[in-house]
Amino acid sequence: PRSVWLSRHGESEYNLEGRIGGDSLLSHRGEEYARKLPELVRQSVGSDRPLTVWTSTLKRTIATARHLPKHYNQLQWKALDELDAGVCDGLTYQEIADQYPEDFQARDEDKYNYRYRGGESYRDVVIRLEPIIMELERSENILIISHQAVIRCIYAYFMQKPQEESPWVPVPLHTLIKLTPRAYDTLVEKYDAKI
Ligand code: F6P
């Protein structure tokens, strides 16, 4: 593709509380990002270019896409849902450290391979993203609105970073990222909504 646009969903109620996973709605600031996103997209994509928006199936990404122009096609992919934290879904990192100290330590030691009990690892996410990457590779003008771990993996793929480094890729909230693959590298442009 010529360019791919990536964004995390706007800040969610769980983000505010420091809870992972879940299916919460956007916080006040998250809503503000959803309202500003059309303008960021207009600046970066242009208003005459067609765009297809891919979200996850979770409320916070769908809500983030809600104010985008109605003529953009929108698609929801289960494969774009956040890394499944299994029994730790809905907990804070402190609660995980208290309730599952061995797991907390195991994840710290090997974050890429650590699989939450009843959930997923980054390695699992990379595998389930394969069809998304394949579809992306043969598409133009796609904006993906997804979640921290998923955006990290897609970003690492386009930046040709080893997937093992995905768990540490910084992906700030309220920022639209434009990636443009070139002959020897990938151009990164970031649009901060300043919220
Ligand atoms: O806290 C937001 C979040 O998207 C969680 O839902 C998810 O478990 C986490 O980030 C992934 O980040 P990390 O792998 O650094 O815990």
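Start by selecting strand S1 and strand S4 (residues 142-146): five bridges join them, and they run parallel. Helices (H or I, at least four residues) and strands (E, at least two) are DSSP runs, numbered from the N terminus. Two strands count as paired if DSSP finds at least two bridges between them. You are looking at a predicted model: local features need pLDDT of at least 70, side-chain atom pairs count only at pLDDT 80 or more, and totals for chains, interfaces and linings use all residues. Residues are numbered from 1 along each chain as its sequence is written.

Now pick tryptophan 5. Its bridge partner in S4 is leucine 143.

Turn to S5 (residues 175-181). Three bridges join S5 to S1, and these two strands run antiparallel. Select leucine 6, and you will find isoleucine 177 of S5 opposite.

Stay on S1 (residues 4-8) and show its side chains. Five of its five residues are buried, meaning that 20 or more other C-beta atoms lie within 10 Å of the residue's own; 12 or fewer makes a residue exposed, anything in between partly exposed, and C-beta atoms are placed from the backbone. Val4, Leu6 and Arg8 point one way, Trp5 and Ser7 the other.

Zoom out to the whole sheet. Six strands form an open sheet in the order S3-S2-S4-S1-S5-S6, with mixed pairing. S3 (73-76) and S6 (186-192) stand at the edges with a single partner strand each, so one side of each has no neighbour in the sheet. From one strand to the next, the twist averages 20 degrees.

Next, select helix H8 (residues 148-158). H8 lies across S1, S4, S5 and S6, at about 155 degrees to S1. Axes are lines fitted to C-alpha atoms, for helices over the stretch in contact, and angles run from 0 to 180 degrees between N-to-C directions. Contact means C-beta atoms, placed from the backbone, within 7 Å.

Two loop residues come next. Asparagine 141 sits between helix H7 (130-137) and S4. Its phi is near 55 degrees, positive in a residue other than glycine. Histidine 174 lies in the loop between H8 and S5. Its phi is also positive, about 60 degrees, although it is not a glycine. Which of the two is buried? Histidine 174 is, with 23 other C-beta atoms within 10 Å, whereas asparagine 141 is partly exposed, with 18.

Finish at the ligand. The residues around it include Asn15, Glu82, His147 and Pro167.

Notes. A residue is near a molecule or strand if its C-beta atom, placed from the backbone, lies within 6 Å of it. Two residues are in contact if their C-beta atoms, placed from the backbone, lie within 7 Å.
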